[in-house]
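Here are my notes for you on this model.

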Amino acid sequence: MRRTFSGNAAAPGMALGRVRLEQPARFSVDHTPLPDNEIEPEVARLERAFAAAREDMAELRRKLHGALAREVGEFIDAHAQLLEDPELIEGLRGMIRKGRFRAAAALKAQRDRLVSVFDSMDDPYLRSRGEDVDHVIARVQSALARQASSEEKKLATRVGEILVTDSVAPGELAHMASHGILAVVAGSGSPYSHSAILARSLHLPMLVNADGVLEDLRDGDLALVDGARGEVIVHPTAQDLAGYRHWQRESTREGQRLAQLAGVPTRTRDGVQLRIFANAERPEDVERARSLGVAGIGLYRTEFLFLARPGLPGEDEQFTVYRDLVFAAGGLPVTIRTLDLGADKADAAGLVMAAEPNPALGVRGVRLSLRQIDVFVTQLRAILRASCYGPIRILVPMVTDAVELVEVRHLIMECARDLRTAGHEIPDQFELGAMVEVPAAAINVRALLEVSDFIAIGSNDLTQYLLAADRNNDQVGKLYQPSNPAVIRTLAYVIAQARRAGKAACLCGEIAGDPNFAAMLVAIGLEDFSMLPDRILGQRDALSRCSRKALRSLGPRLLRARDSAEVERLLRNVTGD
Ligand code: PEP
Ligand code: MG
């Protein structure tokens, strides 16, 4: 029967596929005892589910090639071994036969028991093996829960899978996208989280904070995800599918219209030239950005390089990535941001301080880099070596005080000296900039501008810190409003101060690429925008409809606005939208 679930739109696009549920701990299982006549059929169901899970693993193994096979193969083998574990299987049979558990309830009880055994271990490696148990049991649960009708199954096998999960870490997301996941539906989270940003970069439709999906969806259900509306329809009707086909046609048409803006300069309606830079998460983003016409790479977030692998990437490995980035940019400036781990970014390398009570206000960004000097120096050396191949700008995240940037500058100079002594040709000049994303850095931006060559405004974090509303927590999603007058005034002040100091100020938070904020940003004097490549043409289009003169004349009234509603009303009066 058709059902719809709503969440918050986190990455646009639609996708049709079959549900793949993750997070078995949240499964609602039937705990009523089995009647006598269902015991043996239930054991048989369990065995079929194990067989199907083994077949899934074997299939996965067959699909892996090259480096990925080496990296992931070990995990698959460990999981496959667990699926053969006679103690596990015998234990489950016993629970069904003697305890009258249903198979799903037995699996959940075993999972909870085993995970708590692993959790109580002192050795962090062994402790992390608990996750393997979790994954393996999730696979069997999934196989068990596949209840789609044969008609749906036929359609679903052709259209890939939709991940339905409680939450997803950025590192996992990249991996999933390369394994055929078509869309993500998360029970928690927010559109400003790093996972959502990455989903947009990967063109994965995503909705977050979707109530009830984990409890009510079943593996194999056919689902239609609408990332722009923040909706998922389970068991869609013929009419829904027609809507989907209509969307496919429309998005092709809109794509063709916007494609004409590729390579065209970005100008407002009254002819003021603006600059669009790209936020690149992956090398392909750089190629795509160049083909659309950009002034450079405004933000390359290096943490994804650290999250995509176990352990830390060494100097040579990082150097190769940064150098290739510079090559791909073909002479355009590339802004490489130093590591910004902490807060919501899961930490594969174990760098982040363990169990900070308040990670968003803790040791993240440059705070972490200045404590982990070895890791930081490795990164700075790799960036400096890559700077021989084209213009690189170094950007430092989470700066609170100008002193931090001065410290980084000294470190860079030391690294450059050492590299030159070792025979590397390092350019004499480098540009160093600070992210303005901590309120103190914004309020005291004049001091920061004295020691920076440029600044980049991180509106994602600046908004969360100004409004004391966690960007990852949808419970405070209503408060998280980039159009709040406090945010607008702060942004306008920072932009004006940078102009006074004669330094470039590029805004690289999500609103830079959001057409809903184009007029607001023009009104407060922004000229440099950095956004994901996918957003470039739409934003160029939106900016071309703005009259800078009319919007600038709003300035004082906009800055005096009492709330977001008044801001939006003032802007609407000018844009006529
Ligand atoms: C920001 O905070 O606006 C930003 C661009 O950085 P990130 O989203 O990676 O924190
Ligand atoms: Mg930030």
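1. First, a term you'll need: a polar contact is a pair of N or O atoms within 3.5 Å; within protein, one must be able to donate a hydrogen and the other to accept it, and residues adjacent in sequence count only if both atoms are side-chain atoms. Now look at ligand 1: one of its oxygen atoms sits 2.7 Å from a backbone N or O atom of Asn 460.

2. Some ground rules. This is a predicted model, where local features need pLDDT of at least 70, side-chain atom pairs count only at pLDDT 80 or more, and totals for chains, interfaces and linings use all residues. Residues are numbered from 1 along each chain as its sequence is written, chains are lettered from A and ligands numbered from 1 in the order in which they are written, and side-chain values use heavy atoms, leaving out hydrogens and water.

3. Back to ligand 1. An N or O atom in the side chain of Asp 461 is 2.9 Å from an oxygen atom of the ligand, and a polar backbone atom of Gly 458 is 3.4 Å from a ligand oxygen. Taken alone, ligand 1 exposes 290 Å², and the protein buries 100% of that (Shrake-Rupley method, 1.4 Å probe). In total 17 residues surround the ligand (a heavy atom within 4 Å), and the closest include Arg 301 and Arg 337.

4. The structure holds four cavities of 30 Å³ or more; a cavity is a set of points, on a 1 Å grid over the protein atoms alone, where a 1.4 Å probe fits but cannot get out, and lining residues have an atom within 4 Å of a point. The largest cavity has a volume of about 90 Å³. Of its 16 lining residues, Arg 301, Arg 337, Met 435, Glu 437 and Asn 460 are closest to the centre. Helix H20 (a DSSP run of H or I, at least four residues) gives the largest share of that lining, three residues.

5. How much space lies in the second largest pocket? About 1,400 Å³, a pocket being an open set with protein on both sides within 12 Å along at least five of seven lines. Its lining has 43 residues, with Ala 11, Pro 12, Gly 13, Asp 534 and Arg 535 nearest the centre. Helix H11 supplies the largest share, nine residues.

6. Finally, helix H9 (residues 194-201): are its residues mostly covered or open? Eight of its eight residues are buried (under 20% relative accessible area). After H9 comes His 203, whose phi is positive, near 60°.

How values were computed. Buried < 20%, exposed > 50% of the residue type's maximum accessible area, 1.4 Å probe, protein only. Helix = DSSP H or I, 4+ residues; strand = E, 2+ residues; numbered from the N terminus. Points joined across faces, edges and corners; volume = space filled by probe spheres on them.
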